[in-house]
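Biologist: I am new to this structure and would like to learn how to read a few of its features. Could you take me through them step by step?

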Amino acid sequence: MIFKKTEGEEIDVNTLEKNLRELITNNPDSLSVLNQVGNFWRIKGNTRFAIECFRKALYVSPQNPDILLNLARVFYNLNYLNSSYTIAQQSLELKSCKGSDRNVWLQHYTLGEIHMAMGNVSEASSHFRHALELNPGLHQAELHLRQMDEPILVNVTVYTFFIIMIMMVGVCIGLYITANRGRYISHRVSMQTAKGNMT
C-alpha cells in the first residue's frame with residue numbers, strides 16, 4: 001500500500017499517525033502532506049478527516065488530479081457514485097491533459113470500479129481493460145474482468161425457469177379447482193333435478 005517502506009516491510013500505524021500529525025502541524029499547507037494525511041484517514045476509515053484534508057489540498061491546488069482521485073475514492077467508499085464518477089472523470093481528464101497517459105491507469109481502474117457499482121458493465125470493462133493496458137500487473141482489474149465475463153445468463157435462466165414453473169403449477173391448480181367445482185355444482189344440480197322429477 002501507500003504507507004509501506006518496501007514490499008515486505010510494514011509500518012506501525014500508530015507511529016505513522018504520530019509522524020503525520022507532526023508533519024501536518026509543521027506544514028499545514030503542504031500539498032504532499034495534506035494528500036498523505038488524507039490518504040491515511042481514507043484508508044483508516046475516517047472519511048470526515050480524509051475529506052477535510054483533500055478539501056484543504058484542493059484549496060492549495062484545485063486542479064491536482066491525484067488529490068481529486070483520492071477524493072473520488074472517498075466518495076466511492078461512501079457509495080456516492082455520481083459524485084465519485086464526476087470527480088474521477090475530472091481527474092482523468094486533468095491527468096491526460098498533462099501528457100502523462102501512462103500514469104492514468106489508476107484513474108481508469110477507479111472509473112471501472114465506479115461503473116461496475118453503477119451497473120454499467122460495458123463502461124467498467126472498457127476502463128478495466130485500459131487500466132490493464134497501461135499497467136499489465138494490475139491483478140485486481142483482471143479479477144474484475146473475469147467476474148464480469150462470467151455468464152450471468154445461467155442464473156437468470158434458472159430463476160426465470162423456476163418462476164415460470166411456479167406460475168404454471170398455480171394456473172394448473174386454479175384450473176383443476178375450477179373444473180372440479182363446476183363438476184360438483186353440475187352434479188348437485190342434476191341430483192336436485194332428478195329428485196324434483198321423482199316427486
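Predicted model: local features only at pLDDT ≥ 70, side-chain atom pairs only at ≥ 80, totals over all residues.

Biologist: Which residues of helix 8 are buried?

Modeller: The general idea is that an α-helix has 3.6 residues a turn, so residues three or four places apart point the same way. In helix 8, which spans residues 139–149, the buried residues are Ala 141, His 144, Leu 145 and Met 148. These residues lie on the same side of helix 8, because they cover an arc of only 100° around the axis.

Biologist: What do the buried residues of helix 8 pack against, and which exposed residues does the face turned away carry?

Modeller: The buried residues pack against helix 6 (105–118) and helix 7 (121–134), while the face turned away from the buried side carries the exposed residues His 139 and Arg 146.

Biologist: What is the phi of Asn 79, and where is Asn 79 placed?

Modeller: Most residues other than glycine have a negative phi. Asn 79, however, has a positive phi, near 70°, and is placed in the loop between helix 4 (65–77) and helix 5 (81–97). Asn 79 counts as exposed because its relative accessibility is 54%, and the cut-off for exposed is over 50%.

Biologist: Which residues form the nonpolar patch on the surface?

Modeller: The patch is formed by Phe 161, Ile 164, Met 165 and Met 168, which together have about 400 Å² of accessible area. One of them, Met 168, lies in helix 9 (residues 153–198) and is partly exposed, with a relative accessible area of 47%.

Definitions and conventions: Residues numbered from 1 in each chain as written. Heavy atoms only, no water. Patch = residues over 30% accessible without salt bridge, like charges linked within 9 Å, V, L, I, M, F, W, Y side chains within 5 Å. Areas by Shrake-Rupley, 256 points an atom, 1.4 Å probe, with all protein chains shown as cover. Salt bridge = Lys/Arg side-chain N within 4 Å of Asp/Glu carboxyl O. Helix = DSSP H or I, 4+ residues; strand = E, 2+ residues; numbered from the N terminus. Buried < 20%, exposed > 50% of the residue type's maximum accessible area, 1.4 Å probe, protein only. Arc of directions from axis to C-beta. Contact = heavy atoms within 4.5 Å.
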